[in-house]
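Welcome! Please take a moment to look over the sequence and the 3D view below before reading on.

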Amino acid sequence: MEPDANLGAVASALAGGEGSTPQAGPEPLRGRRVGGRLAPLLRWESGLIVVLALVVLLGEQASTTFLSSSYLFSSVFNLTGEVAIMSLPMTLIIITGEIDLSVASTLGLSSALLGYLYNPLGPHWPLGLVFVTLLAMGAVTGAFNGFLITRLGLPSLAVTIGTLTLYRGIAVGVLGENTISTFPSFYTNIGVNPVPGLPFLSWSFAIFLVLAVIFGVVLHMTPLGRSLFAIGANKEAAQFAGIRVKRTKFLLYLLSGVICAFAGILYTFRLNTSVSNNGLGLELTVVATALLAGVSIFGGKGTIIGVLLANLVFAGLQGALYLTSFNEEAFGIVTGGLLLISVLAPNGPELWRRGREGLRRQQRLHRRSTMGKQS
Amino acid sequence: MSAATADPQPLELPSGQTRFVDLVLRARTFGIVVVLAIVVFGTAAVQSRFLDSSSIQFILADATIFAVIAVGEAMVIITRNVDLSVGSVVGLSAFLSASTFQHIPGIPIFAVFFVGLAIGAGCGLVTGLVSAIGRIPSLVVTLAMLYIIRAVDILIVGGSQVTTGQVPRGFLAIFTDSLLGIPDIAIGAAVLVAIAYYYMRSFRSGRDLYAIGSDPEAARRAGVPIAKRVVTAFVISGALAGLGGVLYAVQIGTIDSTAGTGYELQVIAAVVVGGVAIFGGSGNVVGAALGALLLGTITSALYVLGINQDWDEALQGALLLLAISLDRGIQAQLANALRRRRVRLGA
């Protein structure tokens, strides 16, 4: 995993802060702190590194082609770049205690509009103009989410389920049943050729890595980043501390829209296809990635290095499973299982303690009752 | 999400105010009926065949699946949880229940409905227990279950599918059977909604669901067995999704491993349009079922009006956003009215 090693030095420096507590469970304050001196080993990211190592081992056991550059490119990094890119703004939004389920629909709308506007039989705009239009569209869709959530005070879960349907609906309305795939090969080559000099790395994943560094620096090293944790931990306290909670959230949704529109462009060119159902259902994959990364669904916790590792785990696992006899369509069992384990594991020691206490109480009661009978 | 900081729903109040609040909440359900009437008669004014008995029958039967699932989903959402796994449960239940006709030849049709219910209840039980015992937010558990159940479905179905030829004709006829022009399955769904409404309104365990959704901490201190109630809600939601799966098999007849994909968000949309607050504590199952009926009717109306079907989904999204925005406005008005009243009473 070259990219991991490259980023490792920077990222481990960034990973300090809120995300570094071992418990990611819903009630981190209850019960004793787990681990004591072992705490650094129990960090979320450490667990992910172990899982990642297991994934690489699994892939190599299945076939030696797993670690070949061409396989890593075609079946690991090329397939997951867009999800990885969308997981970055999603992470920031979940850290502030909100959610954005409209990301995949924004990707789909961007993809549909790209096909519609570029279509030689339709408007046939120059591509440069199309790109600008799409990014502006992403800003508008994101701002609309942000407006409904921060200005009207509507719950983000409900709003983004609504805009998920709305944006996908506009994509269907614009493109209907049409499929556009007449894009210049200069662009569609991003789905065919790896990054020059790094034969295993796809363009989309490379862009993710660059964005991850930027997001990591902003989230973990700037006042703005820390304010996101503050908002997620306690909105009222953040407000009283002078953080402009609503404006910050609004800007995050706007950013999410722009980045998802950009991911839509990459997705379209990679597949050389613009259809209205591009990226259908990816929103849940993106959320699952963020949660596996140790980002708390309650807000206030998460690291970009965790997101990077979670994306590598998902990408690697998918590629590794293709090589085994495992039915790759049942990949969902692994996705779901990992997700469950990732949220159950931090609660494990607490559950164990509670269970043992319950058992002891029962034994005591039992002993008392048998003693009662004897006397 | 800001569950912890969401405004408390003004539901449980002293007697004088209860009536007033009750009126407003009933008006909310009434509002959906009005919108539904506008859609139906507006469409009929342009295209009279919209009110043909066959057309109405089709709309009712079609909306029934979503209405049934929406009842269970509403019960879960009222407890401030959410069930994202219903679409996968529909898929699994649809395939397994329809394929029992092959595995057990001559099995009576009502028994197949129980197979579907049992599969769904089993899925709901697992979801509920993991969420309650593991103390994990239900959004995460049910998201994981969405993947796992769908993957199990794919493993079981493989490349095969159940086709209309493999199920008895009587099974498929359930979709078209009707009593006095109303489809049997719509009557069944109406009875189900009525029972669920009565349970939620008049039974202690039903009221507990509202208490949990309004303020989990207060409910816990009042001695409400939260874990038990929430698990029950998930079991009911799963069972009704399982029932929805059997109805899917009845309606479509041909079932592969993609059955019910994406239903979860459509069902939640119906529940929210129906006036159930996404953060729990208010709303009722009648509204949720009407929400499903409204969304289904709009789809059919667009079709009959010959409006480009392509824009149907966009319209549904816009409607959902409009519904939650209006709800917000109504709630703000309600809170204001209550505050004024309290000042007047000198409380």
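## Chain A at a glance

Before we start, keep in mind that this is a predicted model. Chain A is built with 15 helices and zero strands. It has 375 residues, and 50% of them count as buried.

Let us begin with a single residue. Ser110(A) sits in helix α4 of chain A, which covers residues 103–118. Is Ser110(A) buried or exposed? Ser110(A) counts as buried because it has 32 C-beta neighbours inside 10 Å, and the cut-off for a buried residue is 20 or more.

Leaving out residues up to four places away in sequence, Ser110(A) touches Leu134(A), Met137(A) and Gly138(A), and also Cys260(A), Ala261(A), Gly264(A) and Ile265(A). Leu271(A) is 161 residues from Ser110(A) along the chain, and the C-alpha atoms of the two are separated by 14 Å.

## Helix α9 of chain A and its cover

Helix α9 of chain A runs over residues 223–233. Its buried residues are Gly225(A), Leu228(A), Phe229(A), Ala230(A), Ile231(A) and Gly232(A).

Which elements cover them? Those that cover the buried residues of α9(A) include α3 (69–95), α8 (203–221), α10 (235–240) and α11 of chain A.

Moving along chain A, we come to Asn272(A), in the loop between α11 (245–271) and α12. Most residues other than glycine have a negative phi. Phi of Asn272(A), however, is positive, near 50 degrees. Asn272(A) counts as partly exposed because it has 17 C-beta neighbours inside 10 Å.

## Where the two chains meet

Spanning residues 331–344, α14(A) has 14 residues and reaches 20 Å from its first C-alpha to its last, close to the 20 Å expected at 1.5 Å a residue. Its buried residues are Gly332(A), Thr335(A), Gly336(A), Leu338(A), Leu339(A), Leu340(A), Ser342(A) and Val343(A). They pack against α12 (282–292) of chain A together with α4 and α5 of chain B.

Now look at helix α6 of chain A, residues 156–175, beside α13(B). The two pack at an angle of about 155 degrees, with their axes 6 Å apart. This angle is why α6(A) is roughly antiparallel to α13(B). The crossing of α6(A) past α13(B) is left-handed.

Which residues meet here? From α6(A) they include Ala158(A), Val159(A), Gly162(A) and Thr163(A), while those from α13(B) include Glu313(B), Ala314(B), Leu315(B) and Gln316(B). By class, the contact of α6(A) with α13(B) has 11 nonpolar, seven polar and two charged residues.

## Inside chain B

Another helix pair lies within chain B: α7 (residues 184–202) and α12 (residues 285–304). They pack at an angle of about 150 degrees, with their axes 8 Å apart, so α7(B) is roughly antiparallel to α12(B). Here Val193(B), Ala196(B), Tyr197(B) and Met200(B) of α7(B) meet Val285(B), Val286(B) and Ala289(B) of α12(B). By class, this contact has seven nonpolar, no polar and no charged residues.

Arg135(B) is found in the loop between α4 and α5; its phi is positive, near 55 degrees. With 18 other C-beta atoms within 10 Å, Arg135(B) is partly exposed. Gln166(B) lies in the loop between α5 and α6 (169–173) of chain B and counts as partly exposed, with 14 C-beta neighbours inside 10 Å. Leaving aside neighbours within four places in sequence, Gln166(B) is in contact with Phe101(B) and Gln102(B). Gln166(B) and Thr254(B) are 88 residues apart in sequence, and their C-alpha atoms are 9.2 Å apart in space.

Methods:
Residues are numbered from 1 along each chain as its sequence is written. Chains are lettered from A and ligands numbered from 1 in the order in which they are written. This is a predicted model: local features need pLDDT of at least 70, side-chain atom pairs count only at pLDDT 80 or more; totals for chains, interfaces and linings use all residues. Helices (H or I, at least four residues) and strands (E, at least two) are DSSP runs, numbered from the N terminus. A residue is buried if 20 or more other C-beta atoms lie within 10 Å of its own, exposed if 12 or fewer, and partly exposed in between; C-beta atoms are placed from the backbone. Two residues are in contact if their C-beta atoms, placed from the backbone, lie within 7 Å. The expected span of a helix is 1.5 Å times one less than its number of residues. Axes are lines fitted to C-alpha atoms, for helices over the stretch in contact, and angles run from 0 to 180 degrees between N-to-C directions. Angles under 35 degrees count as roughly parallel, over 145 as roughly antiparallel, 65 to 115 as roughly perpendicular and the rest as oblique. A crossing is left-handed if the near helix is turned anticlockwise from the far one by less than a right angle, and right-handed if clockwise. Ala, Val, Leu, Ile, Met, Phe, Trp, Tyr, Cys and Pro count as nonpolar, Asp, Glu, Lys and Arg as charged, and the others, Gly among them, as polar.
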